[in-house]
Amino acid sequence: MTAKILDGNVLSAKLRESLRHRAAELAAQGCRPGLAVILVGENPASQVYVRNKIKACEAVGVHSEKYEFPADTPPQQVLDRIAALNADPAIHGILVQLPLPPQFDEDEVLEAVSAEKDVDGFHAENVGLLAQGNPRFISCTPYGVMEMLSAEGISLRGKEAVVVGRSNIVGKPMTLLLIGASATVTVCHSQTKDLAFHTRRADVLVAAVGKPKMITGDMIQPGAVVIDVGINRLPDGKLCGDVDFESAKEVASLITPVPGGVGPMTITMLLANTIESADRASAK
């Protein structure tokens, strides 16, 4: 058996066309969706991510503003900019690109963003709403994974789902979403004693640990759905996921590639959250 490839680029393009129409409708009503992105420092990967987000905004008709600060910027300067954006009615989403330089308290910065404009879904209030099953914004990467599963018509009810990774950005919100879909969820992490024992039980396996090719084909249940959230750069410059794609695709029924799987969906769901925020603002 060779797995079907879940192509994030194809689904992302389809969703973005729908989002473009929604953004145009809101703009016609006098409420053009607006996203502000804050970048501190010169991290090359962060610069690429921000550039891709701005480009995606332009493609669907979302107004975007980029605020760049040197790496040695005092935190209060960034907090002041966030406060101004919180009060700006033309901005419906605020994104602070992580990681931040060491003088910053990341939690303090993320909490400074208005919960109603926190389109990354990182604010404690939004995490709490997600945990209660009543989300305002869903973290973009787990949101994208759920959209991919939905597009394939995969029912999660009663399924064994295993999430490898417990980060606030992916692992924890992914777990909450899978529980909300009535899956039976196991969370594995660096202290898990027998990782393969758990991964082999998974009907749906989500890998989000940031370790290249950590999940191999012999760790996967035949016919499982494998979602690879990881993105790692190898010494030769090539990108790969947390799953060893070549061995895994011979065992799984469905699998996401890296690149071109979950990655494009993350930015698409950021656009969806921003447009949703604008929609709420226009209804007030």
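Guide: Helices (H or I, at least four residues) and strands (E, at least two) are DSSP runs, numbered from the N terminus. This is a predicted model, in which local features need pLDDT of at least 70, side-chain atom pairs count only at pLDDT 80 or more, and totals for chains, interfaces and linings use all residues. Residues are numbered from 1 along each chain as its sequence is written, and side-chain values use heavy atoms, with hydrogens and water left out.

Visitor: Which residues of α5 are buried?

Guide: Buried means under 20% relative accessible area, exposed over 50%, and partly exposed in between (1.4 Å probe, protein chains only). In α5 (residues 124–131), the buried ones are N126, L129 and L130. Around the axis they cover an arc of only 100°, so they sit on the same side of α5. The arc is that of the directions from the helix axis to the C-beta atoms.

Visitor: What do the buried residues of α5 pack against?

Guide: Their partner is α7 (171–180). Contact here means heavy atoms within 4.5 Å.

Visitor: How do I read the length of α1?

Guide: The expected span of a helix is 1.5 Å times one less than its number of residues. Helix α1 (residues 8–28) has 21 residues. From first C-alpha to last it reaches 30 Å, close to the 30 Å expected.

Visitor: Why do the buried residues of α1 line one face?

Guide: An α-helix has 3.6 residues a turn, so residues three or four places apart point the same way. In α1, the buried residues are G8, L11, S12, L19, A23 and L26. Seen down the axis, they fall within an arc of 105°, so they line one face of α1. The face turned away carries the exposed residues V10, K14, E25 and A28. The buried residues of α1 pack against α2 (44–60), α6 (140–151) and α10 (262–283).

Visitor: Which backbone nitrogen does D7 reach at the start of α1?

Guide: A polar contact is a pair of N or O atoms within 3.5 Å; within protein, one must be able to donate a hydrogen and the other to accept it, and residues adjacent in sequence count only if both atoms are side-chain atoms. A side-chain oxygen of D7 comes to within 2.8 Å of the backbone nitrogen of N9.

Visitor: Where is H123, and is its side chain buried or exposed?

Guide: H123 is in the loop between α4 (106–112) and α5. It is buried, at 10% relative accessible area. A polar atom of its side chain lies 3.4 Å from the backbone oxygen of E111. The H123 side chain also reaches the backbone nitrogen of E125 at 3.0 Å.
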